[in-house]
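Subject: The structure I promised you

Hi,

Here is the structure we talked about. Have it open while you read, and jump between my notes and the picture as you like.

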Amino acid sequence: MRVNKSVGILLLFLLFILEGTVLPRLIPNAWQMRVIPNLVFIVILFVTVYHHRHTALILGLSFGMLHDIVFYGRILGAHSFAMGVSAYLIGLIFQTPRAPLPLMMTVVLLGSLLSDTILFGIYSVFNLNQEPYSWAILEYMLPSMLFHFAIGLLLYVPLRRQLEKLKNETRKEETA
Amino acid sequence: MLKLFKLFNNKRLFILLITLVMFIVVMGFSLGTRKSLSWPENFVRDTTGFVQGIFYKPAGYVAGFFEDIANLHKLAEENEQLKIVVAQYTREKAQYNFIQSENERLMKDLKFTESQKEKYNYDYRIAHVESINTEPNNSTLVIDIGSKDGVRPNMAVISTEGLVGVISQVSNFTSTVKLMTMMNANDPNSQSAIAATAIGKENATFGMIESYDPKTNKLTMNKIPPGDPIQPKDQIVSSGIGGLYPRGLTIGTVDSVKVGEFGLTSSAVITPAADFQDWKELIVVYTQERAE
């Protein structure tokens, strides 16, 4: 199966929908406040490592904004900023088309922590949360990191295959 | 600084700074209260809301089916309890009707204006949850009724157990519910405090529910005057004083009462009635629109 760019974005949108509707049903009640799934961001991390960081930046900004607008509780733009910037920074450091599985999994862990930390920072700057960072790490950042790790493992093979195909295609187009 | 300029070339640094400023402007702008949303926001929310609705309901049915099987043995017990509750309800219903008609007669005799009579006459509208965001700093739900159905920001939203939050933003066909778990006395943009009282002590008890502690999952009720008869295990409901929240919404039960931080008033720790998870249907409480 071949996935081109527009279908890929549509699939990403589908993932965003699943994250808000089906996943909370699957996560046990006791863990609902502790595991905060962000599936779209995992895919964006794959894009930033195997494809290009600029694509990841645009994807992060736009899907973050989508998340912000749909779940508009207090502030707009927080997710957009966190996802865009952390995807770009991770890409700046780790962008290697031949990254092996362990490196990619480290990236997933680091990226998840980084984006959660940036979000925490934004909410602190606007005086929207009163909890200390140490509590936040243990309460929800670490569980989410582990959850993202597991999802990253599941998605690794299909995502990498598709991204490499996409890369080959663009290369062919450029040479032709 | 020069090194920084070299690291990013001039153009990139320029774009970076402009985006940063843009983001700060957008965040600051969106932080305050907004009466209505712009059309791109409306469009995005309504289309995603529609797609989310398609996915959420079937997922709920599947999950609900397994839950039902798991709860099968509890059914007889629950049935017994419900029978007792219904018996009590029918007894009280007769009493209530007497009091209601007497109340109406007195209102008429005392020449209440039409708006005064309608003040506590609420309309309850059921809403289905479309999607959930469980993040501690931004816990919101999307529900499937919007401004076309007459929803306005700051309306109270309840579940079958009790108050869960208020409407934060409304678009044409969907609205966002801001959960009570984000209540915070130190945050000027938080949901405003709820004037509350206890069932059976409506004229004697008063307090303001001001914040939620995510560490202990309890609400705090402050500003309880000295000599207040509030006690642990009291049922706390909203009192409707101030007019922001409707009267008589269940909030929770008192855990403990202690002297407040300045020693003048007491504060109580309250276990919320709603459990803030496993969302199915919610009820939006429509209050009469007042001329402002």
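Below is what turned up, going from the barrels to the interfaces and then to a salt bridge.

One thing before you start: this is a predicted model.

In chain B, six strands form a closed barrel in the order E1-E2-E5-E4-E3-E12, and their pairing is antiparallel. On average, neighbouring strands in this sheet are turned by 45° against each other, if you ignore direction. Helix H3 of chain B (residues 39-70) packs on the sheet and touches E1 (123-133), E2, E4 (163-170) and E5 of chain B. The direction of H3(B) makes about 85° with that of E1(B).

Start at E1(B), which pairs with E2(B) in the antiparallel sense over four bridges. A hairpin of six residues connects E1(B) to E2(B). To find the pairing on screen, look for Val129(B), whose bridge partner in E2(B) is Ile143(B).

Ile143(B) is also handy for the next step, as it stands opposite Ser175(B) in E5(B). Strand E2 (residues 140-143) and strand E5 (residues 175-179) of chain B are joined by four bridges and run antiparallel.

Now go back to E1(B) and turn to E12 of chain B (residues 281-286). Six bridges join E1(B) to E12(B), again antiparallel. Two pairs to click on are Tyr124(B) with its bridge partner Val285(B), and Ala127(B), which stands opposite Leu282(B). E12(B) also pairs with strand E3 of chain B (residues 156-158), antiparallel and over two bridges. There, Val157(B) stands opposite Val284(B).

While you are looking at strands, here is a bit of background: in a regular strand the side chains alternate between the two faces of the sheet.

**The barrel that starts with E6**

Chain B has another six strands that close into a barrel, in the order E6-E7-E8-E11-E10-E9, with antiparallel pairing. In this sheet, too, neighbouring strands are turned by 45° against each other on average, direction ignored. Ile194(B) has Ile209(B) in E7(B) as its bridge partner.

**Two domains in chain B**

Chain B is split into domain 1 (62-121) and domain 2 (122-291). Their centres, taken over C-alpha atoms, are 20 Å apart. Five residues of domain 1 and six residues of domain 2 of chain B make up the contact. Between them the two domains bury about 550 Å², with 42% of that on carbon and sulfur atoms. Which residues of domain 1 of chain B lose the most area to domain 2 of chain B? They are Glu67(B), Tyr120(B) and Asn121(B), and together they give 76% of what that side buries. Across this interface there are zero salt bridges and one residue pair in polar contact.

**Where chain B meets chain A**

Here 47 residues of chain B are in contact with 47 residues of chain A. The area buried between the two chains is about 4500 Å², and carbon and sulfur atoms give 63% of it. On the chain B side, Met27(B), Thr134(B) and Asn137(B) lose the most area to chain A, together 15% of what that side buries.

How many salt bridges cross the interface of chain B and chain A? The search gives zero, but it does count 12 residue pairs in polar contact. In chain B, the elements giving two or more residues to this side are helix H2 (10-31), H3, E1, E2, E4 and E5. The largest share, 11 residues, comes from H3(B), the helix that packs on the sheet with E1(B) in it.

**A salt bridge to look up**

Over all chains, the whole structure has seven salt bridges. One to look up is in chain A, where the side chains of Arg34(A) and Glu139(A) meet at 3.8 Å, N to O. This pair links distant parts of the chain, 105 residues apart. Arg34(A) is in the loop between helix H2 (23-26) and helix H3 (39-50) of chain A, and Glu139(A) is in helix H7 of chain A (residues 133-175). As a general point, side chains of opposite charge can pair when their charged atoms come close.

Conventions. Residues are numbered from 1 along each chain as its sequence is written. Chains are lettered from A and ligands numbered from 1 in the order in which they are written. This is a predicted model: local features need pLDDT of at least 70, side-chain atom pairs count only at pLDDT 80 or more; totals for chains, interfaces and linings use all residues. Side-chain values use heavy atoms; hydrogens and water are left out. Two strands pair if DSSP finds at least two bridges between them. Axes are lines fitted to C-alpha atoms, for helices over the stretch in contact, and angles run from 0 to 180 degrees between N-to-C directions. Contact means heavy atoms within 4.5 Å. Domain bounds come from an automatic or database domain assignment. Buried area is the accessible area (1.4 Å probe) that two parts lose on being put together, summed over both. A salt bridge is a side-chain nitrogen of Lys or Arg within 4 Å of a carboxyl oxygen of Asp or Glu. A polar contact is a pair of N or O atoms within 3.5 Å; within protein, one must be able to donate a hydrogen and the other to accept it, and residues adjacent in sequence count only if both atoms are side-chain atoms.
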